[in-house]
Amino acid sequence: MASQLSRVWSGLCRARINSAHLRRAVSQSRTSSAAGAASVTDLQPAAHADDSHGHAEVNPFDKNPDYHGFSDDPFIDEWNMRLAFFFSISMAIVIGGTFIHYLPDHGMRQWARREAERLVVLREAQGLPLIDENYYDPSKIVLPSSSDE
Amino acid sequence: MLKILIPTIMLFPTIWLSPSKWVWTTTTLQSLIIALVSLSWINWSSETGWASSNLYMGTDPLSTPLLVLTCWLLPLMILASQNHIKAEPIARQRNYITLLASLQTFLIMAFGATEIIMFYIMFEATLIPTLIIITRWGNQAVRLSAGTYFLFYTLAGSLPLLVALLLLHQNTGSLSMLIIQYSQPMALSSWGDKIWWAGCLIAFLVKMPLYGVHLWLPKAHVEAPVAGSMVLATILLKLGGYGMMRMMLMLDPLSKDMVYPVIALALWGVLMTGSICLRQTDLKSLIAYSSVSHMGLVAGGILIQTPWGFTGALVLMIAHGLVSSALFCLANTTYERTHSRTMILARGMQIIFPLTAVWWFLSNLANLALPPLPNLMGELVIITALFNWSPWTLILTGAGTLITAAYSLYLFLMSQRGPLPQHIINLQPFHTREHLLMILHLLPVALLITKPEIMWGWWY
């Protein structure tokens, strides 16, 4: 337990050291990118090889606790989140789903099913067979006489 | 057709002209609107056959679900890449989104083509952006060899296809799918005809991929960045299945005997790649092999050439596209935090990311075909079609589903359960974006089963 706690503590310390370093790195890159040029910190993840074996990262939650994963700029981050949710969930899923649900009955299959059920009830009530053995009236079918061949 | 294609092409000005801060936002929104409008394809104006706006582009019930899936995937790819690409310079970010958008353009033209040669050209054109995405934005040096595998496997398969198509054009006088489906079955008997038959299918079998010519796929998947893996699993493999369904119509009298070895290989591949999954240590490799296994079943369903086989294959392609893409996204979220794909180095994540463990759980259940989901519908329909052909296939397909369940649970247990490794400290919390991404994958899967007939293909 004690060893676990000490490990967590050392991890936390390392994280705080990293974030202190990196906060500077972030603000530097922001000023330089405002001038329109990509800075070195943009190109390469900030290298803190000595204290983190090259795996140091900017923790965006340090700068913006409400980080949504879209952008480093909190304003853009929030609006990107809102717009993405609106257009994906509210528009594509909800409106698109409603559209697909209310599509016209393709090939009149639902109608055919309803009509069949109605006819089954009707014919059972009348005591008729569900389907007549001679579905087509045989007297109306004109067959070639066998002597023709 | 053009109402989708032109907005898709207009993505390029959006990407290059919008202010650098808003590039990701504007492209996400535009692609989402395109995805919404693309749903109008499902509203069928004609009762049978094709709905075509002109001679060269058209949709039919077979291509519509795949087209909608293509349009749905672009916003998801953009959302998924946003975090790891945004550290790069803005021009390179724009380049990256341009490649994704060009991929969508090519894919829409491939699925919308009514002329087989145009389909072929677009089928080949999708190689270029995918290759650049893999070899430029992959994570390790091995990506170059993965790109070589990807390129040369596909090209070696598709050059015979070009020859076979030109030969077909010479014999029938047309390669329009609108016409060729009504042409007389050809009398095919000679050895040359048999080689022609193989030439027509090999390209698609490699792309599927069939067990035996699948080696490019795990490499490409493992080395590609997340958007590359997503589009490979979701659309590019399905391009193979789609092409096979189109070609099978013309190969008819010969196919009955010729497909035996291919079906045997496909079903054997379901078993073998499933077993390979069970001994994977690499997260993305496992998901890639699981794709091969599922696509083996799809290949079996298509080659059996019954209405149920085709329907099941299409349903499984759509469902698998969404679910395996979801799994690749989840694998990427883990990768972005732990910088490792090795499963044993990132165990017990359930403790720290409980909500993400729910996403893992749902995606894995969908992958192993949990009852209400379309994955089950597709698998069952294919298995029934195969069983109807030969009861013995049930041994292979049944064992295949069992192994699928086994490796899906293995994946879940390895990544989410167990002790948390001691080196895992200080992981970033999950982003809202990643949860949104998972919802956008899994909600459509759940919604699709409420109206599965829109992906029944020709029997809609």
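With which residue does Glu453(B) form a salt bridge? The partner of Glu453(B) is Lys451(B), the closest N and O atoms being 3.9 Å apart; a salt bridge is a side-chain nitrogen of Lys or Arg within 4 Å of a carboxyl oxygen of Asp or Glu. This is a predicted model, in which local features need pLDDT of at least 70 and side-chain atom pairs count only at pLDDT 80 or more, whereas totals for chains, interfaces and linings use all residues. Residues are numbered from 1 along each chain as its sequence is written, chains are lettered from A and ligands numbered from 1 in the order in which they are written, and side-chain values use heavy atoms, with hydrogens and water left out.

**Interface between chains A and B**

- In the interface, 46 residues of chain B are in contact with 43 residues of chain A (contact means heavy atoms within 4.5 Å).
- The two chains bury about 3800 Å² between them, 68% of it on carbon and sulfur atoms; buried area is the accessible area (1.4 Å probe) that two parts lose on being put together, summed over both.
- Between chain B and chain A there are 2 salt bridges, including that of Lys21(B) with Asp73(A), whose closest N and O atoms are 3.4 Å apart.
- The side of chain B that touches chain A receives two or more residues from each of helix H3 (23-38), helix H4 (63-85) and helix H20 (432-448) of chain B (helices, H or I of at least four residues, and strands, E of at least two, are DSSP runs numbered from the N terminus).
- The largest share of that side, 8 residues, comes from H20(B).

**Chain A**

- Chain A contains 6 helices and 0 strands.
- Of the 149 residues in chain A, 23% are buried (buried means under 20% relative accessible area, exposed over 50%, partly exposed in between; 1.4 Å probe, protein chains only).
- Within chain A, Arg82(A) forms a salt bridge with Glu78(A), the closest N and O atoms being 2.7 Å apart.
- Arg82(A) and Glu78(A) are separated by about one helical turn because they stand 4 residues apart in helix H5 (residues 74-101) of chain A.
- Arg82(A) is partly exposed, with a relative accessible area of 38%, and Glu78(A) is partly exposed at 34%.

- Over all chains, the structure holds 12 salt bridges.
- Glu434(B) forms a salt bridge with Arg337(B), the closest N and O atoms being 2.9 Å apart.
- This pair links distant parts of the chain, with Glu434(B) in helix H20 and Arg337(B) in helix H15 (residues 307-338), 97 residues apart.
- Both Glu434(B) and Arg337(B) are buried.
- Salt bridges that share partners join Arg337(B), Arg433(B) and Glu434(B) into one network.
- Lys451(B) is buried, with a relative accessible area of 13%.
- Asn83(B) lies in helix H4 of chain B and is buried, with a relative accessible area of 18%.
- Not counting residues up to four places away in sequence, Asn83(B) touches Tyr67(A), Glu336(B), His431(B) and Arg433(B).

**Aromatic rings**

- The structure holds 16 aromatic pairs over all chains (rings of Phe, Tyr and Trp, the last by its six-membered ring, pair if their centres lie within 6.5 Å; planes under 30 degrees apart count as stacked, over 60 as edge-to-face and the rest as tilted).
- Phe119(B) and Phe123(B) form a tilted pair, 5.9 Å centre to centre with 35 degrees between the planes.
- Both Phe119(B) and Phe123(B) are buried.
- Ring pairs link Phe111(B), Phe119(B), Phe123(B), Phe204(B) and Tyr242(B) into a cluster.
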